[in-house]
Amino acid sequence: MAPPPTLLSPSELSYLHTSLSLHPPIRPDARSPTSFRPLVAETDLLPAANGSARLCFADGTEAIAGVKAEVEKVQGLGNERWYDNMDAEMGGIEESERDGEREGERGKGVGEDKWIEVTVDMPGQRDDDAMVVFLAQMIHEGLVADGGLRNRLVINARWHWRLYIDILLLSPPHTYPLPLLSLTTHLALLSTRLPAPISNHDEDPLFNDDWDASSPLYPSSDTYPDAKTPPQSSPARPPITLLVISVGDNVFFDASREELAVADAVLAVTVGAPSSLSTGLNLLAVRTIDPPSRLCASAAEVGQAGAGIDAEGGKEGVWKASKGGMKRSVLARMVQMCVEGGGVGEEVLGGLGEFSWKG
């Protein structure tokens, strides 16, 4: 699925492409290649949801995500095999100690991808349109890639939580909406809380009616200040998908609609928090996105239509879309800038996490 096209003349596109190809590059709004535009966000705005968030980008596009959790019985064997394996490993432990260990391991079973459902609603689009289906699949693919979220949905051997994530784009997108939807979903999941269980591990689940006693789906590092072991400095967080473009040898983040129009390559990179204190993020998925320049008419065709450009090769200073693939070195740098320690991915995850847990 390609980003929406932009209405710029061939000369304007050529000027913009040349400016972004310089060393150092010159962006139309004077940002650095890794700078993000200001955004407005809030969480916990839907009272009937377990978690919710609203995010508005600088270009005016806005999205709302709501998360609803329901208890569901595991189909088939479910996590019985996991508990059986755990009992086999604890064969020499007394029954009371074994029950305590199993209670401590509650919620750490093996989940399934189908326990997470993602739906996207866009103005002017049907639910079965290719764009809507593709965006929902991309969000779902990132959420289940590392297995962290689905495993958090296990209640016991016979019961689990099912998450319904509904994302609403409030206005037609000015640029490719995948990052907006991904970051909104991320904030909604960070604000999601689940009722505290009061039943034993192998019983039908019962929960505390006091919402103040509920626990976050993604607790922060200071949620358990009295823990005997120090918490990780990088607590678990939902994954995010970043849109990265290249123009020449330069790499840019948070591209505007005009910058996307002259991009040589566009990547959707999904990253997640590491499972330990290791430096850097986990690379979960990489998708190529067709830039508008690959789908629009060539410079020669535009010239023949009315500008009087030579059809053989065009004139200097007139936009001509690049052809062919991209350099491996540029592709590797685009991914590296997302996953490396102290890179763009960590900066975005850290900023969103601080906003949600402190807000």
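Visitor: Which backbone nitrogen does the side chain of Ser 52 reach?
Guide: The side chain of Ser 52 reaches the backbone nitrogen of Leu 45, at 3.0 Å. This is a predicted model, in which local features need pLDDT of at least 70 and side-chain atom pairs count only at pLDDT 80 or more, while totals for chains, interfaces and linings use all residues. Residues are numbered from 1 along each chain as its sequence is written, and side-chain values use heavy atoms, with hydrogens and water left out.

Visitor: Is Ser 52 buried or exposed?
Guide: Ser 52 is buried, with a relative accessible area of 1%; buried means under 20%, exposed over 50% and partly exposed in between, with a 1.4 Å probe and protein chains only.

Visitor: Where is the place of Ser 52?
Guide: Ser 52 belongs to strand β2, residues 51–56. Strands (E, at least two residues) and helices (H or I, at least four) are DSSP runs numbered from the N terminus.

Visitor: Turning to the open sheet, what is the order of its strands?
Guide: The order is β9-β8-β10-β11, 4 strands with antiparallel pairing; two strands pair if DSSP finds at least two bridges between them. The edge strands, each pairing on one side only, are β9 (250–253) and β11 (282–289).

Visitor: Over how many bridges do β10 and β11 pair?
Guide: Strand β10 (residues 265–272) pairs with β11 in the antiparallel sense over 7 bridges. Val 269 has Val 286 in β11 as its bridge partner.

Visitor: And which strands does helix α4 touch?
Guide: Helix α4 (residues 130–145) packs on the sheet and touches β10 and β11, contact being heavy atoms within 4.5 Å. The direction of α4 makes about 160° with that of β11; axes are lines fitted to C-alpha atoms, for helices over the stretch in contact, and angles run from 0 to 180 degrees between N-to-C directions. Helix α6 (residues 178–190) also packs on the sheet, touching β8 (240–247) and β10.

Visitor: Now the aromatics: what is the count of aromatic pairs?
Guide: The count comes to 2. Rings of Phe, Tyr and Trp (its six-membered ring) pair if their centres lie within 6.5 Å; planes under 30 degrees apart count as stacked, over 60 as edge-to-face and the rest as tilted.

Visitor: Why is the pair of Phe 36 and Phe 253 tilted?
Guide: Their planes lie at 35°, so the pair is tilted, and the ring centres are 6.4 Å apart. Phe 36 is partly exposed, at 34% relative accessible area, whereas Phe 253 is buried at 0%.

Key. Polar contact = N/O pair within 3.5 Å; in protein donor to acceptor, adjacent residues only side chain to side chain.
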